[in-house]
Amino acid sequence: TWFSSGLWPFSTMGWPDETTADFKKYYPTTTLVTGFDIIFFWVARMTMMAGHFTDTMPFETVYIHGLVRDEKSQKMSKSKGNGIDPLILIEKYGTDALRYTLIREVAGAGQDIRLDYNRKTDESSSVEASRNFTNKLWNASRFVMMNLGGQSPVDLGAPIVEARNITEVQNFAPLQLADRWILSRYHQTLRQTREYLDKYGLGEAAKVLYEFVWGDFCDWYIELVKPRLYGEDDASKKTAQQTLAHVLDGTLKLLHPFMPHITEEVWHTLTQSDGYLPLQAYPEVEANLIDADLEKDFELLIGVIRTVRNLRAEAGIKPSAKIEAILKTDNAKESQVLTTAQAYIKDAAKVETLTIQGTSLASAVSAKVPAETYTGSEAAASIESEETAASGLPELDWSDGVVALQTFIKQPMAYLGQAFRVAKTPATITLLLVGAGLTLTLSAKLLEAINVVPLLGDVFRLIGLSYVAWTGGRYLYKAENRSQLWANVESLWEQVSGLWSGGEAAIESTETPELPPTMTEAEVKELATKVITDPAVTGDATDQRQMFAGVYGTVQVLIPLTGLVDVDALKTKLEKDLGKAEGEIKSLTGRLGNKGFVDKAPTEVIQGARDSLAEAEKQAELIRERLAML
């Protein structure tokens, strides 16, 4: 009777004796959380009966949530037998993953939640995604704590934005661009989270925190500060440590209502505290640290880095290879932002030589350490790197001997000339000359030894005569072949002498031509999806190298392919992959077009074939796009 009448919530606290300690402390409460399906049967009775007997409403706010429905969007019930056992999902993915999934899926008050679930495998893709998020948080936290030197956030202290007393002045190290950006993003996220929670926007708050933790903090800030954590600049390293510890500590507090178990465990290890995370104060917003302009500038930086990375992947450039990148923009503000953040672009996108609006910037080494601080071999390495950047030649990476040899063979005279330009001392030049002389002497002795061995000299001469005869028939017999041979000779002479077929007029034209003021969307798309050799686009009339091009906003991103990618080989490989994909499309289309197969095959098999067809068509489309770029 007490239960069905709605009196039990306050009767268990001592009512009708309203002087009991429990009744005074817990009645009335603030918020009731309930499903919409029992508002009339339960919430209405509690409200009316409590108001009648106590003259006080039992709660101030009623938060009405939706129902958790099964994979077919049906209400779970015992009669239907379509219930999903949460213990199975908790065993497979963890309690925090399931809890976070249910909160994240809340799109608005009263909206039902469809829980993706495979009853055959007891798997849920949505809960699995939340489990991946917890793994991301765990691994990022481990990395941060491994690089704090055993110190807690309290030991390190919060990052000092502006020194206010003598102690802060003594410990002050200026925040770098990435530090100020992540602090701005953290407090922006904190503000949005508090606003959503105040309005009961639980799902929106969960999504905001997901984007900040996975994207801003893990994918970008941690990656951008790694060089500082591993570097020799103690002041910069400490600032990075302070910022990492401060942001991680605050983020764990923000996430605790959504993922209580993992945040509690990580927080104890991070802070080395015996307290409890739920008892800590929820973070407060520091509005002075939010910089909308800085966040907008960083969006440009991140977009450019992503474009460079995508172009590298599309061109098939090895992840470890250092490349040259050219960034063009007519916007002075964008140019300033990119120039200021050039070190981040080089580290994150593995760019060796960076050019912005035709201005060649220093190499990655000299950008981090002033040249005057170099001594001995470090100075020589810096000079050699700068000479390589100025010459526009790809750096020879001898970790891959075959690629380095192929690169050297393509422009041997240019690399030899570069070696002599780098060699500033007479002793070094003498050593190079002696080495060249020894090489020629050893070659002559080798030829003499070949002639001594019976028949070996005759075999080599026969091979030489055969090659001469083949070359004559290949290049001299037909007029068009002779023309091609002469063009190759001219090209070789241009590489050796450093002259270009365009003559003085092309060399003197150093002013960067402007693109047409108005371009259609199709023209912009075409510009972004092809290999470019047009000087009007590259901005250098003397630069005739093939380039991959991309566009982010109004910034053009160009990557020279010379010395990095064999375009013909890449095109051949893509054509082969396209042939396989088209063959699979033809086979799957035939199966799905066969009425006997569709009528007799199980539904799962048919759906699998359709999914495979869609995947093959998407793969073929991507390959065609890459071929179009070549």
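**Charges in the predicted model**

Reader: How exposed is K322?
Author: K322 counts as partly exposed because its relative accessibility is 41%, where under 20% is buried, over 50% is exposed and partly exposed lies in between (1.4 Å probe, protein chains only). This is a predicted model, in which local features need pLDDT of at least 70 and side-chain atom pairs count only at pLDDT 80 or more, while totals for chains, interfaces and linings use all residues. Residues are numbered from 1 along each chain as its sequence is written, and side-chain values use heavy atoms, with hydrogens and water left out.

Reader: And where does K322 lie?
Author: K322 lies in the loop between α14 (292–315) and β5 (323–328), with helices (H or I, at least four residues) and strands (E, at least two) taken as DSSP runs numbered from the N terminus.

Reader: What does K350 touch, leaving aside its neighbours within four places in sequence?
Author: With those neighbours set aside, K350 is in contact (heavy atoms within 4.5 Å) with R312, P319, S320, A321, K322, I323 and I345. K350 and S320 are 30 residues apart in sequence, and their C-alpha atoms are 7.6 Å apart in space.

Reader: Where is K350 placed, and is K350 buried or partly exposed?
Author: K350 sits in the loop between α16 (342–349) and β6 (351–356), and with a relative accessible area of 34% K350 is partly exposed.

Reader: Switching to pairs, how many salt bridges does the structure hold?
Author: There are 17 salt bridges in the structure, each being a side-chain nitrogen of Lys or Arg within 4 Å of a carboxyl oxygen of Asp or Glu. One of them joins R69 to D112, with the closest N and O atoms 2.5 Å apart. That pair links distant parts of the chain, 43 residues apart, with R69 in strand β3 (residues 68–69) and D112 in the loop between α6 (95–104) and β4 (113–114).

Reader: Which residue pairs with R185, and where do the two sit?
Author: R185 forms a salt bridge with D216, the closest N and O atoms being 2.9 Å apart. R185 belongs to helix α10 (residues 177–198) and D216 to helix α11 (residues 202–230), so this pair, 31 residues apart, also links distant parts of the chain. R185 counts as buried at 17% relative accessibility, and D216 counts as buried at 13%.

Reader: What about K253 and D249?
Author: The side chains of K253 and D249 form a salt bridge at 3.6 Å, N to O. K253 and D249 are four residues apart in helix α12 (residues 234–255), so about one helical turn separates them. Both K253 and D249 are buried. Elsewhere, salt bridges that share partners join R185, D216 and E295 into one network.
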